[in-house]
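Visitor: I am new to this structure and would like a close look at a single part. Please take me through the place where two chains meet.

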Amino acid sequence: MPGAIYAEGLVKTFGKVRALDGVDLDVPEGTVLGLLGPNGAGKTTAVRVLTTLLRPDSGRAVVAGLDVLHKPNEVRRSIGLSGQFAAVDEYLTGRENLQMVGQLYQMSARAAKARAGELLERFNLAEAADRPSKTYSGGMRRRLDLAAALVVSPPVMFMDEPTTGLDPRNRQQLWEVIQELVAGGTTLLLTTQYLEEADHLAHDIAVIDHGRVIARGTSDELKAQTGGERVEVVVHDRQQLTPATEILNRFGRGETTVEQHTRKITVPVAGGAKLLAEVIRDLDAQGVEIDDIGLRRPTLDDVFISLTGHAAEAGPGENGNNGNGGPDAAKEMEAAL
Amino acid sequence: MTTATEVSTKLAAPVPRGGIAQSVRDSLVVARRNLIRMMRIPEVVVFGLVQPIMFVVLFSYVFGGAIGVPGSSGPADSEVYREFLMAGIFAQTVTFATAGAGAGIADDMHKGLIDRFRSLPMSRGAVLTGRTLADLAQSALTLVVLALVALLIGWRAHNGVVDMLAGFGLLLLLGYAFSWIGALIGLTVRTPEAATSGGLIWLFPLTFVSIAFVPSSSMPTVLQHIAEWNPFSATVQATRELFGNLPAGYPVPDAWPMQHPVLASAIWSVLIIMFFRTLAVRKYRSATA
């Protein structure tokens with residue numbers, strides 16, 4: 001049985017650019033998939049196809065057991081979408097925004113009102129509930145947007161770069177909300193260009209670049225795929241590079257690299273901390289004096305660079321906008337075009 | 001494959017009632033939202049009033065003395081022109097609401113609200129219908145204020161309440177029809193600014209190459225034909241007839257819409273709604289910000 005979100009061979013072209021070039025996805029119910037990729041990789045296009053906003057040129061997608069192309073309206077009843085920027089009406093109060101969305105999800109006016117009250121409490125917006133959302137901070141607007149996506153407690157959620165443009169504190173808060181949500185059994189597809197975010201929130205990660213999924217797996221699997229752990233040793237004296245290299249070769253699972261000028265030896269290993277202890281003992285026994293030694297695990301950054309040949313994020317400074325940044329979406333569209 | 005029972009448990013939102021009932025309800029929910037916005041940004045409504053009032057003053061007192069209305073004569077001329085003019089100003093005012101609809105929808109696209117609406121299980125035409133209905137309400141309010149100003153400068157509706165209401169009804173229908181053109185423009189351009197200018201530019205030739213401000217008999221032949229078949233002229237002529245604002249000897253042009261202006265006005269407006277509503281809703285379904 002396909003997962004709560006399932007896609008097969010999605011292709012979407014804008015002019016000459018293949019924004020999606022045969023994307024397959026499978027997200028089991030109750031799990032989080034992090035769709036990780038740089039600007040213009042096709043993340044937003046994938047989300048737009050899965051949320052019925054865009055028809056793919058070819059391919060198939062099933063969300064909550066419903067075919068996206070043939071039953072779009074039924075799909076819409078089962079999903080919540082929190083887009084790339086806070087899609088709330090700034091002249092409406094937080095409460096009015098949520099009530100409107102509830103009614104458009106076909107709830108009765110009374111049910112929508114009650115639900116709006118609940119969500120405002122839960123998202124810590126009760127005090128600001130009756131102020132136009134124009135007066136909200138970026139973080140509050142984001143929370144309101146997320147609340148709007150949760151009005152009917154949809155079983156499947158899509159979040160397109162939910163924390164882009166938020167400061168670290170607001171990001172942390174939003175992460176907590178998302179974790180709570182997932183603990184409640186919601187299936188979530190989350191796009192992000194922050195590797196840390198994918199590491200933190202997602203069970204599985206699909207790395208997407210130029211419209212293709214170029215790697216997938218858990219965060220640990222991806223890291224292992226990039227080369228796994230390695231021991232790095234900096235010897236005190238350049239004379240000792242040779243004996244130290246001989247010792248490390250005994251433990252190594254691959255090619256040992258030696259950097260003469262920094263006196264650093266790096267060797268891929270398997271065996272973790274226990275092995276590190278042995279390495280230290282042997283070096284000591286041979287009288288090799290060391291300045292630094294450590295077991296290094298690759299970060300998702302390493303994974304990303306080794307997979308795509310370029311770094312993932314432009315840095316929060318460049319991307320950090322005011323939180324309702326239409327321009328950011330435009331940027332991704334342009335990049336996709 | 002997933003069985004039917006599993007599917008039904010996964011549907012979080014209530015079952016839509018579907019059909020026209022849902023369409024109407026969804027449209028009213030969106031209309032309410034747009035009306036709340038208008039109340040919170042009263043400047044828009046106020047500026048919407050300033051322009052027609054300015055036009056009334058300009059045309060009545062600056063150009064009025066120089067523009068003759070056939071069929072009238074003598075020193076009462078400028079008073080005759082003021083009455084003649086008002087239907088034109090009324091009609092121009094409701095058509096200018098077009099730009100508002102366009103800018104509003106372009107703004108919703110730009111801010112991602114259209115994406116949100118499109119991801120909801122709501123009726124496909126409701127976002128646009130709600131917007132155009134709210135603009136209709138705004139036009140009605142504007143017409144009331146403008147009519148009061150017109151009364152102050154001596155305009156009267158001479159044929160009784162029923163004809164007067166029919167006249168205003170045709171004006172609002174024209175405004176509603178044009179707001180669908182605005183909706184289509186708003187969905188097509190990329191920014192609210194472009195929607196505002198794009199929504200206004202074509203209104204100038206449309207409203208001036210018409211019988212609204214000067215009689216068609218004063219124009220070159222080609223323009224004369226365009227003016228007499230212009231949907232905008234039909235409504236202006238119909239309103240003038242219904243308000244009794246034509247001087248007794250006014251030579252009505254021979255063109256069919258000028259001879260049957262009430263019917264022509266209604267037909268034009270309905271055709272515009274049908275055509276542009278279809279295009280706009282189709283555009284909305286595939287809208288991408």
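Visitor: How many salt bridges does the rule find across the interface of chain A and chain B?

Guide: This is a predicted model, in which local features need pLDDT of at least 70 and side-chain atom pairs count only at pLDDT 80 or more, while totals for chains, interfaces and linings use all residues. Residues are numbered from 1 along each chain as its sequence is written, chains are lettered from A in the order in which they are written, and side-chain values use heavy atoms, with hydrogens and water left out.

The rule finds 6 salt bridges between chain A and chain B, a salt bridge being a side-chain nitrogen of Lys or Arg within 4 Å of a carboxyl oxygen of Asp or Glu. Arg48(A) and Asp115(B) form a salt bridge, with 2.5 Å between the closest N and O atoms.

On the side of chain A that touches chain B, 25 residues are nonpolar, 12 polar and 9 charged. Here Ala, Val, Leu, Ile, Met, Phe, Trp, Tyr, Cys and Pro count as nonpolar, Asp, Glu, Lys and Arg as charged, and the others, Gly among them, as polar.

In total, 46 residues of chain A contact 37 residues of chain B, where contact means heavy atoms within 4.5 Å. About 3,900 Å² is buried between the two chains, and carbon and sulfur atoms give 58% of that area. Buried area is the accessible area (1.4 Å probe) that two parts lose on being put together, summed over both. Of the area that chain A buries against chain B, 21% comes from Arg77(A), Leu104(A) and Gln106(A), more than from any other three residues.
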